[in-house]
Amino acid sequence: MKKILIILDGIVAKKLMQRIIEANTGDNSYDVIYISDAILPVQKPSNFTFYKFDPTSKSKLSMVLDKNIHTEVLIALNSKDEMLNVIKNIREHTKNLQMTVLDYWGIKVNDPLVNIYRGIEVLANGMVEKLPNVPVLAQNIGLKQGEIMEIRIPFGSSYAYRYIGSIEQKQWRIFGLYRNQKMIDIKPSLVLKPNDVILVIGKPDVLMQVYNVIGKTQGQFPMPFGSNIYLYLDLYLENEESVKKTIEEAKYLNQKLKNSLLVVRVTRPTTVQIMDIIKGELKYFPTVILQIDYANKGFSKIIKDDYRKYNIGMIMLTQEIFKNKEEAKVVLELKIPILKLGKENLKSVKRTAIILNDIHSYEQISPIVFDISSQLKVKTKIFDLDPIGEKDGKSPLLDHFENLAKIFNQKLEIVTSSENPIRELKKQKNMLQILPLKEEMFKKRLSFKFFYTNSDFIAFDMNRFNQLLIPISEE
């Protein structure tokens, strides 16, 4: 549930308050600051809290801002000076708060997080649309059923820091993007950022689903990559014990994550006994689909065919698959997360963990880290390790993770030390490590691993922990 601050006074305040209450679905919680009792509704919904005071009072405004973590502010006031004063006080209190203001005076604010809704222009545009031979706005184009939509990417959205090529777009498409009030060319490698405005086209009911997913800040994974979890089991590479463990891990995630189905693909069956075990384990789970390959089509063909057939949002692979890195490399083409199963049990996981490396990659995977933590109901642990004593500008990245933790209402533990990353990793247990998925990980390593200093690549070669690899744009 998002917490929204509304500050109202003036000629449109009462009507605006009425419209907000009419549009109330209970998905948001509202703090309303007002001056005149005339704007108060007859019935006050339970998710509205009202405060009567002059919003230009910095101390009183700070009291409300301190009480809750607001995701955005809506401001409609009767005076230009009051409006500018309130904007200034809010920004001094909170740096990253999105504000939408109603402007009738032509105010100018040098703040990218302040959206100015110019009332006079809206009225003028509405009247001009009634004239003949004048272009109309998007809501009157096409079938006039809402097949074109504008969506803002909020902080903490599962779509933030995702590159467009990794977003599953079925029956809808992103065809435009605005960033800092400028249109950006759409390409698969373009990374969406918080406060971007995307223009989407598609079936109205599908767009409403997309809108709802984008607007929510937790509990959406494996979206936006896809809606189903996929487990690939090559029985020629596994023994009975590892098969049982893998099936248990898949069922556990199927219960924990917000996926629609668990698709289990079994290939190269070895014995009737092991097939009976698999069928018995999955027999009473209506959200599980078991597919068996008797023709030995090969890893690459099976993966590509199933990816097209099922809406796969995450693929689960055992350690044995990664022994042949050249063959396993085909999963890079899918641009979906990979769960690389380790020796530890997923049920024993008590935290998600990341070892900070390059800022570009870890900023992209940050929303997924907290989404996974929220669904598994575990805390997040960040290792900021600097064994050679170099400051590489990670402070902004730590601030970014701390801000996201507040948005997701997640517990965050930060460990800062000069310890060697791999040595520190070996001390840990019961954790799910989350890493950016990089092409370099699938290249052949030298036998002398001490030549490698990149913690991502060294960690990828370890088999102890379960690892979730998130696709990123490496451009």
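These legends describe close-up views of a predicted model.

**View 1. Four strands make an open antiparallel sheet.**
The strand order is E7-E10-E8-E9. Strand E7 (148-152) and strand E9 (182-184) stand at the edges. Each has a single partner strand, so one side of each lacks a neighbour in the sheet. On average, neighbouring strands are turned by 30° against each other, direction ignored. Helix H5 (residues 204-215) packs on this sheet. H5 touches E7, E8 and E10, and its direction makes about 0° with that of E7.

**View 2. Strand E8 pairs with strand E10.**
E8 covers residues 172-179 and E10 covers residues 197-202. The two strands run antiparallel and are joined by six bridges. Which residue of E10 stands opposite Trp172? It is Gly202. Further along the pairing, Gly176 stands opposite Leu199 of E10. Strands of a sheet pair through backbone hydrogen bonds, either parallel or antiparallel.

**View 3. Strands E8 and E9 form a hairpin.**
Three bridges hold the pairing of E8 and E9, in the antiparallel sense. Tyr178 has Met183 of E9 as its bridge partner. Two residues lie between the strands of the hairpin. Asn180 takes a positive phi near 55° here.

**View 4. Ten strands make an open sheet with mixed pairing.**
The order reads E13-E12-E11-E14-E15-E20-E19-E16-E17-E18. Which strands stand at the edges? They are strand E13 (288-293) and strand E18 (412-417). Each pairs with a single strand, so one side of each has no neighbour in the sheet. Neighbouring strands are turned by 25° against each other on average, direction ignored.

**View 5. Strands E16 and E17 pair in the parallel sense.**
Strand E16 spans residues 351-355, and strand E17 spans residues 379-385. Five bridges join them. In one of these pairings, Ala353 has Lys381 of E17 as its bridge partner.

**View 6. Helix H6 contacts helix H7.**
H6 covers residues 240-256 and H7 covers residues 272-282. Their axes come within 11 Å and cross at roughly 15°. Angles under 35 degrees count as roughly parallel, so H6 is roughly parallel to H7. The crossing is right-handed. H6 contributes Glu240, Val243, Lys244, Ile247, Glu248 and Lys251 to the contact. H7 contributes Gln273, Ile274, Ile277, Ile278, Glu281 and Leu282. By class, the contact has six nonpolar, one polar and five charged residues.

**View 7. His400 sits in helix H11.**
H11 runs over residues 395-408. Is His400 buried or exposed? Its relative accessibility is 12%. Buried means under 20%, so His400 counts as buried. Not counting residues up to four places away in sequence, His400 touches Tyr161, Glu363 and Ser366. Glu363 is 37 residues from His400 along the chain, and the C-alpha atoms of the two are separated by 7.7 Å.

Technical notes:
Residues are numbered from 1 along each chain as its sequence is written. This is a predicted model: local features need pLDDT of at least 70, side-chain atom pairs count only at pLDDT 80 or more; totals for chains, interfaces and linings use all residues. Side-chain values use heavy atoms; hydrogens and water are left out. Two strands pair if DSSP finds at least two bridges between them. Axes are lines fitted to C-alpha atoms, for helices over the stretch in contact, and angles run from 0 to 180 degrees between N-to-C directions. Contact means heavy atoms within 4.5 Å. Buried means under 20% relative accessible area, exposed over 50%, partly exposed in between (1.4 Å probe, protein chains only). Angles under 35 degrees count as roughly parallel, over 145 as roughly antiparallel, 65 to 115 as roughly perpendicular and the rest as oblique. A crossing is left-handed if the near helix is turned anticlockwise from the far one by less than a right angle, and right-handed if clockwise. Ala, Val, Leu, Ile, Met, Phe, Trp, Tyr, Cys and Pro count as nonpolar, Asp, Glu, Lys and Arg as charged, and the others, Gly among them, as polar.
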